[in-house]
Amino acid sequence: MTHDANCIFCKIIAGQIPSRKAYEDEELLAFHDINPWAPVHVLIIPKAHVATLSDTGPEHAAMLGRMLALAPRLMGELGVTNGYRTVINTGPDGGQEVYHLHMHVMGGPRPWLKG
Ligand code: 5GP
Ligand code: ZN
């Protein structure tokens with residue numbers, strides 16, 4: 001599986017940086033954002049290193065579908081009952097800070113810090 005030794009999320013996948021995990025399987029990991037914008041804020045990432053959404057192609061379609069399909073299930077498990085927001089920031093103009101593909105899933109009562 002593709003891995004980037006300098007990537008902070010690859011280090012989280014490898015257990016080299018601790019995280020509060022919400023879900024894990026062979027292909028995906030979900031963990032709580034260290035700097036949450038909302039009462040519940042998790043990041044869903046593929047375990048394979050893919051830098052951005054723009055680096056995905058048809059071969060990633062199933063993985064992307066699984067990332068999206070995980071969101072409602074996780075929000076349910078985490079007690080979010082009144083809706084949530086799913087966001088993928090891509091590239092400099094998209095405000096992406098960590099260059100390992102990730103989907104933000106944010107829920108819980110408003111107001112939120114950002115967004
Ligand atoms: P981006 O702006 O790239 O879409 O979002 C990156 C997110 O990763 C930010 O919300 C930031 O708080 C989160 N983040 C960055 N480093 C870490 C870390 O080491 N652990 C966790 N749990 N979240 C992180
Ligand atoms: Zn990575």
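Modeller: Aspartate 25 has a relative accessibility of 17%, so it counts as buried. Keep in mind throughout that this is a predicted model.

Colleague: Where is the place of aspartate 25?

Modeller: β1 and β2 form a hairpin, with 3 residues between them. Aspartate 25 has its place in the loop between β1 and β2.

Colleague: Which side chain makes a polar contact with the side chain of aspartate 25?

Modeller: Leaving out residues up to four places away in sequence, aspartate 25 touches Lys47 and Arg66. Its side chain also reaches a backbone atom, the nitrogen of glutamate 27, at 2.8 Å. The side-chain to side-chain polar contact, at 2.5 Å, is with arginine 66.

**The sheet**

Colleague: Which residue in β2 is the bridge partner of glutamate 24?

Modeller: β1 and β2 pair in the antiparallel sense over 3 bridges. Lysine 21 has phenylalanine 31 as its bridge partner in β2. For glutamate 24, the bridge partner in β2 is leucine 29.

Colleague: Which element gives the most residues to the largest nonpolar core?

Modeller: The largest nonpolar core has 17 residues, and Ile44, Met67, Leu70, Leu74 and Val105 have the most contacts inside it. Two or more residues come from each of β2 (28-32), β3 (40-46), α2 (61-77) and β5 (103-107). With 6 residues, the element that gives the most is α2.

Colleague: Which residues is valine 105 in contact with, leaving aside neighbours within four places in sequence?

Modeller: Valine 105 is one of the residues with the most contacts inside the largest core. Leaving aside those sequence neighbours, its contacts are Val40, His41, Val42, Ile44, Ala71, Met75, Tyr84, Arg85 and Thr86.

**Cysteine 10 and histidine 49**

Colleague: What distance separates the C-alpha atoms of cysteine 10 and histidine 49?

Modeller: Cysteine 10 is found in helix α1, residues 8-14, while histidine 49 is in the loop between β3 and α2. The two residues are 39 residues apart along the chain. Their C-alpha atoms are separated by 6.8 Å.

Colleague: Is cysteine 10 buried or exposed?

Modeller: Leaving aside neighbours within four places in sequence, cysteine 10 is in contact with His3, Asp4, His49 and His100. Its relative accessible area is 1%, and the cut-off for buried is under 20%. Cysteine 10 is therefore buried.

Colleague: Which side chain makes a polar contact with the side chain of histidine 49?

Modeller: Histidine 49 is buried, with a relative accessible area of 15%. Not counting residues up to four places away in sequence, it touches Thr2, His3, Asp4, Cys7, Cys10, Tyr99 and His100. The side-chain polar contact, at 3.2 Å, is with histidine 100.

**The ligand and a cis bond**

Colleague: How far is an oxygen atom of ligand 1 from a backbone N or O atom of glutamate 97?

Modeller: Around ligand 1 there are 16 residues, of which Asp33, Asn89, Glu97, His102 and His104 come nearest. A side-chain N or O atom of histidine 104 is 2.8 Å from an oxygen atom of the ligand. A backbone N or O atom of isoleucine 34 lies 3.2 Å from a ligand nitrogen atom. For the backbone atom of glutamate 97 and a ligand oxygen atom, the distance is 2.6 Å.

Colleague: Is the peptide bond from arginine 110 to proline 111 cis or trans?

Modeller: Proline 111 has its place in the segment after β5. With omega near 5°, the bond from arginine 110 to proline 111 is cis.

How values were computed
Residues are numbered from 1 along each chain as its sequence is written. Chains are lettered from A and ligands numbered from 1 in the order in which they are written. This is a predicted model: local features need pLDDT of at least 70, side-chain atom pairs count only at pLDDT 80 or more; totals for chains, interfaces and linings use all residues. Side-chain values use heavy atoms; hydrogens and water are left out. A nonpolar core is a set of buried Ala, Val, Leu, Ile, Met, Phe, Trp, Tyr and Cys residues joined through side-chain atoms within 4.5 Å. Buried means under 20% relative accessible area, exposed over 50%, partly exposed in between (1.4 Å probe, protein chains only). Helices (H or I, at least four residues) and strands (E, at least two) are DSSP runs, numbered from the N terminus. Contact means heavy atoms within 4.5 Å. Two strands pair if DSSP finds at least two bridges between them. A residue is near a molecule or strand if one of its heavy atoms lies within 4 Å of it. A polar contact is a pair of N or O atoms within 3.5 Å; within protein, one must be able to donate a hydrogen and the other to accept it, and residues adjacent in sequence count only if both atoms are side-chain atoms.
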